[in-house]
Amino acid sequence: MSTPTLDKHSAALDAAETTAAHTISVTFRIRRFNPEVSEDARWEDFQLEIDPKERVLDALHKIKWELDGSLTFRRSCAHGICGSDAMRINGRNRLACKTLIKDINPEKPITVEAIKGLTVLKDLVVDMEPFFQAYRDVMPFLITTGNEPTRERLQSAEDRERFDDTTKCILCAACTTSCPVFWNDGQYFGPAAIVNAHRFIFDSRDEGGEQRLEILNDKDGVWRCRTTFNCTDACPRGIEVTKAIQEVKRALITRRF
Amino acid sequence: MQIHKYDTVIVGAGGAGMRAAIEATKRSRTAVLTKLYPTRSHTGAAQGGMAAALANVEDDNWEWHTFDTVKGGDYLVDQDAAEILAKEAIDSVLDLEKMGLPFNRTPEGRIDQRRFGGHSRNHGEAPVRRSCYAADRTGHMILQTLYQNCVKEGVEFFNEFYVLDQLITEVDGVKRSAGVVAYELATGEIHIFQAKAVIYASGGCGKFFKVTSNAHTLTGDGQAAVYRRGLPLEDMEFFQFHPTGIWRMGILLTEGARGEGGILRNKDGERFMEKYAPVMKDLASRDVVSRSIYTEIREGRGCGPEGDHVYLDLTHLPPEQLDAKLPDITEFARTYLGIEPYTDPIPIQPTAHYAMGGIPTNVEGEVLADNTTVVPGLYAAGEVACVSVHGANRLGTNSLLDINVFGRRAGIAAAEYAATADYVELPEDPAALVAEQVERLRNATGGERVTEIRKELQETMDANVMVFRTEQTIKTAVEKIGELKERYRNVAIQDKGKRFNTDLLEAIELGNLLDLAEVMAVSALARKESRGGHYREDYPNRDDVNFMRHTMAYREVGADGSESIRLDYKPVVQTRYQPMERKY
């Protein structure tokens, strides 16, 4: 038998394993909007008894399932992979399913509102179409010429690593809708589209870099970025978004990528 | 009500749906109807990899892969289908690479491969490196790559359209697919999609369990739609419980963690899998590992104050390896448990993960109306379908493979069928069933709540038809589900509006879960043996004499309108491999 290695528990593990029920009272202040009922948006408070280790998404579900079935938001996987539930929580873009209540000061009311810069359709649901259109506009697919090899294309581990960070994007729109430039000008491609262009521009197998750079050289392209780093702060996947945008800008100047 | 006409309609935009769409769009006028935006599909949550005997890092071949798949499925696998799966795996992976998928690479620049549960060298000698992967986000990369190629091919999507009914028209005594009925979330409008061919690729139904790796949206809508129209569901009693879900939350921690060297330990720190699977140890098949975990827990060797979980120990692996190969799951441990997997073991328990059963199809993806008759124009692929390549237990990395191999096959077959077929006449008042369902829920005033019924359903499923089952527990579940179905008739919703009414859709989804849970429990009750993911403590052995056969469950409606489930059985296709006792 292997030697036991688990004789000492960290305090964090003990805390994670506790089964003692612990709930606190938290106020959620949610921005409501339903044009079927009223053209005006309003704030509504909900008081909950909830375990602070639960997610904001759990709280929204508790409200929807127990207090007000009309509260509307998108969600699916509930663990930060599908990108459905980006919202503005206490003024910052986050995924509701990756934000634990204890981490956002439950002593004060927690505000929840739709992400900014896209049209709100109902409560926390926005029109994602302009966002996905910008994504589609950067030609987010591998472009190659010549005959396909019989086996896989070869790519060194270093070349693969070059664009690893930007392959993590889940298209949640947290970055794009945290960008002040995008808020003021919806024509701007926005960080997410540039991230996804980066993912291909720096892929050694791809031959469409020049075309994508031309698209991003547009007046609504990368030059609109003012490096406020909101996007990097907002990314729930930890992508260095601003750095990726800078690398695309540099590639435009040097034409080397 | 709007009526649309397409050659091919695909229901669902996960891996199987989009792989089908790439083929179908090239060959026919195709629409993809999806209840989520395509990149939100749960394929994106798959982590560890996609199996293919590329032999990039060590000796391997598709025949060994076929054998492992058949053995992993406890011989309930249709062996002709498993052979196709393993053979076409190689081109499937290469196709994805050519579409742009960023696989991890070997030092020579080839696609890297790693170990995974149940995949072995030469018929069980030792673990083999067969899983092609992209860190621990292989599913994410497959979903993104397929969506990117759908953008490239100009695939037409109808996002946030919920398909709620399958239209069948009987022509000369033959049931034919005429199209589907969809509900548009944004507007509440009902749409009819008349189509020459329909492909279901709408995923699983794991949300009838409480502790599950499945998304909130995995509610078996596709299975329920065809089942209600009198078509059978195959092998629904076989559900996979993945050994390593985050304790209580069920969030998946990939088997790739054990493929990279992670070890399961009980409260004494013992590597207990050595007792249960001396050769494959922590990399035995998932059903074996999940039962072993619960045996440890039942015998008092579980961890934590209540002894209700065990540990996944990665602390002996170098942090650089965890960062490079398992970045997402280590992040989950930090985010949701507040622990550091470099130094802390991770509390885990088995989590309801994957439906081996589903809509029966042949290897071309054509849906079956009984053991042999095809429903012209109707196809299914992926978790919603049962080919059956997974039999009684799916091997890890075979589902990302399944969606690519059979998604592609269904896409080609459906589009080719549509190229020569005529439209089948729509039934009279095609929207009737959905319109009635929606109106009834919108106007309901009963006292029952969706959340309460769903909670009770999930609790009874976890308690009674999970890893261990007996006649008594299954009967308890059947009875409880019956009671919940009665109560569901009185369910009411609060949101009466048309715009983005997710309150209404959750009620409809619950109805689907109830129907499918009942099929699962009734199928499980009749299978008086233990095989793969279906373990009966009162019948602990496999019984090839009586149960080497697929279950086929049909919904029957009596003259008085009463519903019941009729079970029938279908032979298993055996080619190369005779059933043997399964040891790891």
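The model is predicted, so local features need pLDDT of at least 70 and side-chain atom pairs count only at pLDDT 80 or more, while totals for chains, interfaces and linings use all residues. Residues are numbered from 1 along each chain as its sequence is written, chains are lettered from A and ligands numbered from 1 in the order in which they are written, and side-chain values use heavy atoms, with hydrogens and water left out.

## Where chain A meets chain B

Let's start with the interface. Chain A puts 77 residues into the contact and chain B puts in 79, where contact means heavy atoms within 4.5 Å. The size of an interface is often given as the accessible area lost when the parts come together. Here the buried area is about 6,700 Å², and carbon and sulfur atoms give 51% of that; buried area is the accessible area (1.4 Å probe) that two parts lose on being put together, summed over both.

A salt bridge here is a side-chain nitrogen of Lys or Arg within 4 Å of a carboxyl oxygen of Asp or Glu. A:Arg74 and B:Glu160 make such a salt bridge through their side chains, at 2.6 Å from N to O.

Which elements give two or more residues to the side of chain A that touches chain B? They are α1 (11-17), α2 (56-67), β6 (120-122), α3 (129-137), α4 (157-162) and α6 (191-201) of chain A. Helices (H or I, at least four residues) and strands (E, at least two) are DSSP runs, numbered from the N terminus. The largest share, five residues, comes from α2(A). By type, the residues on this side of chain A divide into 33 nonpolar, 21 polar and 23 charged.

## A hairpin in chain B

Strand β7(B), residues 161-171, is mostly covered, with nine of its eleven residues buried. Buried means under 20% relative accessible area, exposed over 50%, and partly exposed in between (1.4 Å probe, protein chains only). β7(B) runs antiparallel to β8(B), residues 174-184, and ten bridges join them; two strands pair if DSSP finds at least two bridges between them. B:Tyr162 stands opposite B:Tyr183 in β8(B). Two residues separate the strands of this hairpin, and B:Asp172 in the turn has a positive phi of about 50 degrees.

Most residues other than glycine have a negative phi, and most peptide bonds are trans. A:Ala78 has a positive phi near 70 degrees; this residue sits in the loop between α2 and β3 (86-89) of chain A and counts as buried at 9% relative accessibility. B:Asn122 also has a positive phi, near 45 degrees. B:Asn122 is in the loop between β4 (113-121) and β5 (126-132) of chain B and is partly exposed, at 29% relative accessibility.

Then there is a cis peptide bond between B:Val387 and B:Ser388, with omega about 10 degrees. B:Ser388 is in the loop between β18 (385-386) and α11 (398-420) of chain B.

## Salt bridges within the chains

Over all chains, the structure holds 86 salt bridges.

| Pair | N to O distance |
|---|---|
| A:Glu214 and A:Arg255 | 2.9 Å |
| B:Asp74 and B:Arg582 | 3.4 Å |
| B:Asp112 and B:Arg129 | 3.4 Å |

B:Asp112 is in the loop between α3 and β4 of chain B and B:Arg129 is in strand β5, so this pair ties together parts 17 residues apart in sequence. B:Asp112 is buried at 8% relative accessibility, whereas B:Arg129 is partly exposed at 29%. One network of salt bridges with shared partners joins B:Asp74, B:Glu237, B:Asp287, B:Arg291, B:Arg527, B:Glu529, B:Arg531, B:Arg542, B:Asp544 and B:Arg582. Both B:Asp74 and B:Arg582 are buried.

Methods. Ala, Val, Leu, Ile, Met, Phe, Trp, Tyr, Cys and Pro count as nonpolar, Asp, Glu, Lys and Arg as charged, and the others, Gly among them, as polar.
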